[in-house]
Structures are given as structure tokens and as C-alpha cells.
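Open the model in your viewer and keep the selection panel at hand. The stops below say what to pick and what is there.

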Amino acid sequence: MNLHEYQSKLRFAEYGIPTPKGQVAHSPQQAYEIAKELGVPVVVKAQVLTGGRGKAGGVKLARTPEEAQQRADDILGMDIRSHKVLKVLVDPASNIQSEIYLGVTNDRAARKPLIMASAQGGMDIEEVNRTTPEKIIREHVDPFLGLRDYQIRNLAYGIELPRELWKQFGKIASGLYRCYVESDATLAEINPLIIDGSGNLLAVDGKISIDDNALYRHPDLAELRDTSAEPPAETQARAAGLSYIKLDGEIGCMVNGAGLAMTTMDMTKLYGGSPANFLDIGGGAKAETVAAALRIILADPNVKAVLFNIFGGITRCDEVAMGILAALKDIKVDLPMIVRLVGTNETEGRRLLDEAQVPHMITAATLAEAAQKAVTAAQGA
Ligand code: GDP
Ligand code: MN
């Protein structure tokens, strides 16, 4: 889960990182009032969960409250890489002397957090990484020791930070690292961290990505999720307790277990089709869960066939079959459905499905057979 810039900066401030004290506006009028209250100039910034807002015209300076209102009017409703702007942050504008990059992320290969800094921060940091990677100073952090003072000095020295700013920089770097660890983040980034007109460091942009699997222990962060910024299917899936990821193919997959779900996706590809989604309905698979999953799969206009692949371990196949039948009472399905049920009580499960004589339902004994039938059905549809 990604936090918006304004959410990230509020969190940074809790860790002693200096940030501009702006406010969020949902309308041009609100932007006017915030600018009036803060004093001008201000910077009006699109709050969307994607980077490169500056280059897309989503970050604009304003010298008067009237101008802030106009800029907010321009930016609200804008489309930035398929993200619609529904709110803007109005921050006091800074006089930028230089732009530094500072970020902490997970280095999976090294199995350690990695903190990076560059004197060439700002909107072209990806380009810096591509063309002159040596201009990004990197320190791996031992998770048991935490970020050490000598590592902070290496970063400050490496980016040629003026000595008088080392103390401020040290507080910011250790605050950012603590914020990263304590938020169970996969990324905590300040870009740019600026030297402002009075020669102090200030975090004018912020990004935090949180590991979804750790959100259960951060109810305060989980609450910050902006459901207006994600596909409705993902919101519905989360509410139903399903793991769902939309893909581009034509075979809707309803599977219990993440590993089996991935295998099922592979099998559709093996036989020349492609999966419309990843979906793990989890254990149990009650009628309501199956119904919720089916609604989400069918809402995707690309889906031409639905493949149920259920392996009954603790989950009993007869229960799943009843779940499917109960869900089908609520939902009319005009697409071919291919069902493969194996494992505990499979005979009973299949008998229930056969007796119900559901239109468009085809049963299969093996996954290979089911995947083949699903691909054929999708191509015929
Ligand atoms: P991003 O493009 O999504 O990363 O958005 P940023 O918040 O990083 O803003 C992009 C660029 O706008 C920054 O790199 C700065 O150059 C500029 N910018 C942001 N805030 C200010 C400000 O307060 N004053 C000035 N002069 N420039 C700003
Ligand atoms: Mn930025």
C-alpha cells in the first residue's frame, strides 16, 4: 500500500523530519483559503499515487491566493498516468538551493535494508541511476545494528553535503530509517530533500510504501488507504477477504490457495490462453466468499470463461460445491464455467454439481483437462 505525499510527510514529521506545514484541499475554493491562511507563495501539488507529478504538470507555484485557486482548478480532475486527481496539497513554497535524494528500501538480494543518498535529487533521479549510478551513495544496513553514525557520515561525505548541515542530515537519515522500520515499509523516500533559502534541510516530497502483509499490525496506517485511488474490484476483494489481482487475460480463475492459483495461471498459458486474474479464495470457501469472488471475476469485461480449481484439503469439496451452487442462485452466469474439484469428499462434491445441472458448467477430472477446456471455451466464446 502506498501513502500519499501528504500522508507520508505527516508520518515523517512524527520522526522529527522537517516538512512544510501545508494542508489538503478538495476544491479550488479550499485551496484559496489555505493559501490565504498560510501566506504566499504556495505550491499546489496533485495528490495521486504515482510518481513524476512535476513532469506531468501536477506541481505548480502560486504567488497569490487567487492564483492558488486557479492552479488548484487546473490540477483537480487532471489525469496523471490514469490516476485522477481528487485532492491537492497546498504547501508553503520553498526557495530551493539544491535538491538531494534520500531513500530507504529493501535490497532483496542483499537481504538487508539499503539507504541511498544523492546530491542529484529531484525529478531526474531515475535517469541519474541509469547513467551515473556512482552519484548515488549506498549503504546496506544491518537490521540488528540499525543505521550507524559512520554510515550517515559516509552518505553526507559522499554527496558533498556542507559540514554545517551534517547534524541536521543525521537526524533526518536516522528518523527516516526508524520510520521505515517501524512502519514495516518497503520504501521510505524523500525526493527532494532540499537546502532551502535559509540554508536548512527540508523534506518537500515524500513517499512511503507499506508491506500489505504487515498492515494488520498498523491499524493507524491501514486506515490511510485511499480506496478512491484503486480499482473497485480490489477494494471489493479486500472487503471479502480475497487476494485478487487483475490481469489482462480472458480466463477468470477462482482457486483456493496462492500456490495453486499461480499454477492454474501457468496452466492456462500452457494451453494457449491467458489468465484474467490471480484470485485466492482462501480456505473454507463459504457461499458468500464464492459469490463475492464470482461477482468480481464477472465484472471484468475481458473474461470469456471461468475456471474453478479447488483442491479440498481441510476445505471439503462438498462444502465448496454447495458454496458454488448457493452463489449461482444469486448470480446469473452466461459464460462457460469449468470446474475441477479434487480432494476431500470430491465424489460427493461432483455429485452435487452434476445433479444441479447448472447451465454452461463443465466438469473436469484433472487440472490439465480443466485448463484445456477453459482455453477452448474462452476461444469459442
Ligand atoms: P514529483 O514530481 O511527483 O516527484 O513531485 P515533487 O514534490 O518532488 O515536485 C517536483 C519538483 O517541483 C521538485 O523536484 C521541485 O523542483 C519542484 N518543487 C516542489 N516544491 C517546490 C517548492 O516549494 N518551491 C519550488 N521552487 N519548487 C518546488
Ligand atoms: Mn519528488
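Start by selecting Arg111. Arg111 sits in the loop between strand 7 (98-107) and strand 8 (112-118). Its phi is near 55°, a positive value in a residue other than glycine. Most residues other than glycine have a negative phi, and most peptide bonds are trans. Keep in mind throughout that this is a predicted model.

**Two cis peptide bonds**

Select Val40 and Pro41. The peptide bond from Val40 to Pro41 is cis, and omega is near -5°. Pro41 belongs to the loop between helix 2 and strand 2.

Now jump to Asn191 and Pro192. The bond from Asn191 to Pro192 is also cis. Here omega is near 10°. Pro192 lies in strand 10, residues 185-195.

**The domains**

Colour the chain by domain. The domain assignment gives domain 1 as 21-92, domain 2 as 96-222 and domain 3 as 231-380. How many Å separate the centres of domain 2 and domain 3? Taken over C-alpha atoms, the separation is 43 Å.

Zoom in on strand 1 and strand 6 (residues 88-92). The two pair in the antiparallel sense over three bridges. Pick Ala25 and look across to strand 6: its bridge partner is Val88. Strands of a sheet pair through backbone hydrogen bonds, either parallel or antiparallel.

**Helix 5 on helix 6**

Select residues 149-158 for helix 5 and residues 166-182 for helix 6. The two helices pack at an angle of about 125°, and their axes are 10 Å apart. That angle makes helix 5 oblique to helix 6. The crossing of helix 5 past helix 6 is right-handed.

Show side chains at the contact. From helix 5, pick Ile152, Arg153, Leu155, Ala156 and Tyr157. They meet Trp166, Phe169, Gly170, Ala173 and Ser174 of helix 6. By class, this contact has seven nonpolar, two polar and one charged residues.

**Helix 9 on helix 13**

Move to helix 9 (residues 258-270) and helix 13 (residues 367-380). Their axes are 9 Å apart, and the packing angle is about 55°.

On the helix 9 side, select Thr263, Thr264, Met267 and Thr268. On the helix 13 side, select Leu367, Ala368, Ala371 and Val375. The contact residues divide into five nonpolar, three polar and no charged.

**Helix 11 on helix 12**

For the last stop, take helix 11 (residues 317-330) and helix 12 (residues 346-356). Their axes come within 7 Å and cross at roughly 25°. Why do helix 11 and helix 12 count as roughly parallel to each other? Angles under 35 degrees count as roughly parallel, so this pair qualifies.

Pick Cys317, Asp318, Ala321, Met322 and Leu325 in helix 11. Facing them in helix 12, the contact takes in Glu346, Glu348, Gly349, Leu352, Leu353 and Ala356. Colour these residues by class: seven are nonpolar, one is polar and three are charged.

Technical notes:
Residues are numbered from 1 along each chain as its sequence is written. Chains are lettered from A and ligands numbered from 1 in the order in which they are written. This is a predicted model: local features need pLDDT of at least 70, side-chain atom pairs count only at pLDDT 80 or more; totals for chains, interfaces and linings use all residues. Side-chain values use heavy atoms; hydrogens and water are left out. Axes are lines fitted to C-alpha atoms, for helices over the stretch in contact, and angles run from 0 to 180 degrees between N-to-C directions. Helices (H or I, at least four residues) and strands (E, at least two) are DSSP runs, numbered from the N terminus. Contact means heavy atoms within 4.5 Å. Ala, Val, Leu, Ile, Met, Phe, Trp, Tyr, Cys and Pro count as nonpolar, Asp, Glu, Lys and Arg as charged, and the others, Gly among them, as polar. Two strands pair if DSSP finds at least two bridges between them. Angles under 35 degrees count as roughly parallel, over 145 as roughly antiparallel, 65 to 115 as roughly perpendicular and the rest as oblique. Domain bounds come from an automatic or database domain assignment. A crossing is left-handed if the near helix is turned anticlockwise from the far one by less than a right angle, and right-handed if clockwise.
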